[in-house]
Every structure is written in structure tokens, then in C-alpha cells.
Amino acid sequence: MTPEFPAPRLSALTLPLSEVPAAAEFARNPDVRRLLGSADPATWIMRGKGIVGLGRVAAYRVRGGTRFTSARVWWDELRQDATVYDSVQRPGTGLLAFGAFAFAPSSTVDSGLMVPELVIGTDAHGAWLTLISTGPSEPTVEDVDAAWRRLVRAAPAVARPEEPDAAASSYPTAVPGTLDEQRWMEAVADGVGMIRAGELDKLVLARDVVVDTGRPIELGAVLGRLSERFATCWTYCVRLGPEQEGSEQEGPDDGEGAGRLLGATPEMLIRVHRGTATARVLAGTLDRQDLPDGANPEDFAGTELGGSEKQQREHRFAVDSLITGLSPYADEVSGGEHPFILALPNVWHLASDVTAQLRAGVDGTLPSALELAEAVHPTAAVCGTPTETAGAVIEDLERMDRGLYAGPVGWLDGAGNGEWGIALRGAVQLDAHRARVSAGCGIVAESDPRAELAETWAKLRPMLESLPARWDRE
Ligand SMILES: C=C(O[C@@H]1C=C(C(=O)O)C=C[C@H]1O)C(=O)O
């Protein structure tokens, strides 16, 4: 069921932020988190840098096994027909789309891309702004100014958590989604049995909970809180489109936010910047709440993760799957031999950074970030080994449609650059005050269902604690 959405003709104008009069105040401190008070932002933020998209001029939604290919065809057409004026020329400048893709080809949830009207980006070299409009005429600086005034609303102040960080391992406002805790642990036990029987090597099983915050979710505050607390993760947010199924037109925002995907992921599926691909593979987790009193955190994580044969093996499956997916596109793939420990506020992970120099294909062009995201998704960090078997077992045991959870989320530009994270540590908004939050764990032969359940709570915590965030208006 692939709806046909004609790609519109677009024009894009990218300027250094300093050349946009209306943005003069923002340009003095171009921390993109300051834009989070704006309506319906799309985000990709790490340490206050990254990309925020406001408004939208085009969107494409698709389902099924060809979701990546269809989206790429749509983007290629749109990009070839577009007129782009870009005096900055860096990854993320010029034409840009945010996107999210369902974990499974069988998902009944839409995947797709959406092109914002205004893009504000910052990287180590500076800040820029892109205005994207429909029609062939070149946008002017006056148009950019007008769009800024219309779309940008500064954040009120800092985001604060509404409730103190809960130390408990369960949350009264979170009710089980598809499987309750007991049935999910039974599914894990079944998975362990299949692994021990030699049917597969590794399996990632997830579960979902539904959170009701009791009043409208303050999106900007939630994103502000996530990006502040999980500064070394990528704070993502994208809403692919209006909620009417199969509609290609941008409808009025129903104000409910249904379908919006948001979170702060520590895992980079694939980043392409000027012909170099990089990935951060995670697998192997330790809850910080398990730190014994008086123990040294680094030593504890080093022993429990670095020194654990089970965790190292779990990790290796994930690295190998990434390298296998990437190798056909690269002359050389390096990294992953010596996993390091990534410390996050809630957990420690075993992590590997992998780098590849991309090779041009038969048509002489380098693969785009989206092409590579398709090639490497799903890695064994979120699916298992072997991939096909694990995918089928997941559907059977989890009994839920993962939707956008654990799928690629991120952005791409007109030159093929992009960053696609894995949509983890996130939620999908169900309506104004409810969200579905999902988390999973790698299962191997030695896995214990109760320990895996505790691990899901550790991974759910970032969202459960951030969803009630409010802007501090004092
Ligand atoms: C599946 C999730 O996380 C993944 C699984 C991990 C593990 O099993 O140790 C670690 C990081 C992620 O690759 C999740 O956060 O939901």
C-alpha cells in the first residue's frame, strides 16, 4: 500500500545565520535548544548543536518492505527538481528532510520523510539557516526574515522535571502496553529456550508501556529536558504528517501530536559526512542503579561490562551485523575491535565506533546516508542474529507492532549527507497527554528474564522522567 505522493518543486536558500537580520539576537548564542519553544519542532540535537526544523513544505509517507527505496525515489525526484542557493555548503545545508522508518516491513505504521520550511543548523564551524519554499523563484532575505518571525518562538527558560527523578524501578503512571511484565518475562524465557536449542544466536526483545501525564505534554520542555540531561545522546523529534491515513496534504495540526516520535538516542546507526560513514554500535548494558554502595563507578562498569564474556559476545553480534551491512559500500571498514564503556545518566553501555570510507557505485555516485541506513538496518543491536530468524521470532514473541521504535530516525540533505540514529530511549505520542514508550534488551543463551525486565526499566527511565517536564516560566 504505497500512496503516490508527487514530489513538489522546491526552492531553498541557505545563508550563514549572521546574514539574517531577524535572527541577530539568536545568532549571538546560537544554541538550537533555544528554538524549542516553537510550535511542532523537528529536532536532531547533541550538546546544543544540530538541526531544528520548523513548519513543513512537503512530506512523504509509506509502508512496507520498499519503504526506504520509495522514500529515496521521492527524495531524489524532489532534489533534482529543486533550485538550491547555498552559500554555506556543509553537511545539512541546502535542501534537508527529517525522517523516521518503521522497524519492520510488516508494520502498519507509516514511515517517511518531511521537509521543513525553515531549518536552523549549527555545527563546529558555525550556524546557518535554510528557507525552503514551494515554487521555482529564489527565496529572498526578506522571505527568510518573515519566516523567522512567523515560525520561531524562543523557549521560555530552562526545562525542569515536574517530578523529582524517581529512584523506584516502576512508575505509577506507566501501564503495560502489549504484554504485562509476567508475560514479557515468559517471552524472554521462550527466546532463551530457542537460543539454547540452536535456533538462533541472539535476539532483542522489547516491550511497551503507556504513560499518561495527566495534562498536555509540553513538547519543547520535554525535548529541552532530554537534550540537557542526555547531552551526549541525539535528541530527536519528528512528526511525519497529518494523522489522516494516506493523506499527502499537510492538514491542520490537530494539536494532539499523535504519531510524533521523540527521544534521546545514544546509538548512531549511520552518519555520512562527505563520503565518510561512521556508526556508534551499542550492545551490553548495565543499570547505574545496580552500583553497589561505595563502589567506584568506572571499576564497576569495567568489570561488569568490559569483563563479561556474555556482554562482549552480545556486543560482537551487533558490531558484526553493522560491518556486514556496510562492507559492500566501502573500501575499508575500521573499528569495533576494542569496545569502550559509554557512560549515560541512567546506564552504561558497551560501545564501538566504526568508520568506513565509502566507495562510489557503478553510477559513479557515493551511497547516501539513507541508502546506507537501509543497508545496515536492523543491526543485531535491535534485532538479532541471524537477522531474518530474529525478526520472525520478535514478531512472534513480542506480539506487538514496534512501529517507529528501533527504526532509523534522523535527517538527510540533498548531497547524500545525513545522520540516522536508532529510535531508542523514545516515545510515540498517542494524543495530547499520552505516549507509548518502548525498550528492549539483547537476549543470549545465559539471559535471565528478571534481569532483562529490570534492564527495560533502566532504558524506559529517560522518557518516563522527561515526559512530565514543564517550562520554568519564572
Ligand atoms: C533495544 C534497546 O537498546 C539496545 C540494546 C542494548 C542491549 O541489549 O544491551 C543496548 C543498546 C541498544 O543497542 C533499547 O534501548 O530499547
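**View 1. Buried residues of helix 7 in the predicted model.** Buried positions in helix 7 include Gln311, Glu314, His315, Arg316, Phe317 and Ala318. Val319, Ser321, Leu322, Ile323, Gly325 and Leu326 are buried in helix 7 as well. The model shown here and in every other view is predicted. Helix 7 covers residues 309-326, 18 residues in total. From its first C-alpha to its last, helix 7 reaches 26 Å. That is close to the 26 Å expected at 1.5 Å a residue.

**View 2. Strand 12 and its surroundings.** Nine of its 11 residues are buried, so strand 12 is largely enclosed by the rest of the structure.

**View 3. Pairing of strand 12 with strand 24.** Strand 12 and strand 24 run antiparallel and are joined by 10 bridges. Leu205 has Cys441 of strand 24 as its bridge partner.

View 4. Strand 11 is made of residues 174-176. Three bridges join strand 11 to strand 12, and the two run antiparallel. Here Ala174 stands opposite Val211 of strand 12. Strand 20, residues 384-385, is also antiparallel to strand 12, with two bridges between them. In this pairing, Leu203 has Gly384 of strand 20 as its bridge partner.

**View 5. The whole protein, for orientation.** The protein has 10 helices and 25 strands. Its radius of gyration is 21 Å, close to the 23 Å that the globule rule gives for 474 residues, so the protein is as compact as a globular protein of that length. Along the principal axes, the C-alpha atoms fill a box of roughly 65 × 60 × 45 Å. Of the 474 residues, 53% count as buried. Among contacts with a separation of 6 or more, 79% come from residues 24 or more positions apart.

Definitions and conventions:
Residues numbered from 1 in each chain as written. Predicted model: local features only at pLDDT ≥ 70, side-chain atom pairs only at ≥ 80, totals over all residues. Helix = DSSP H or I, 4+ residues; strand = E, 2+ residues; numbered from the N terminus. Rg over C-alpha atoms; globule rule 2.2 N^0.38 Å. Buried ≥ 20, exposed ≤ 12 C-beta atoms within 10 Å, placed from the backbone. Contact = placed C-beta atoms within 7 Å. Pairing = 2+ DSSP bridges. Expected span 1.5 Å × (residues − 1).
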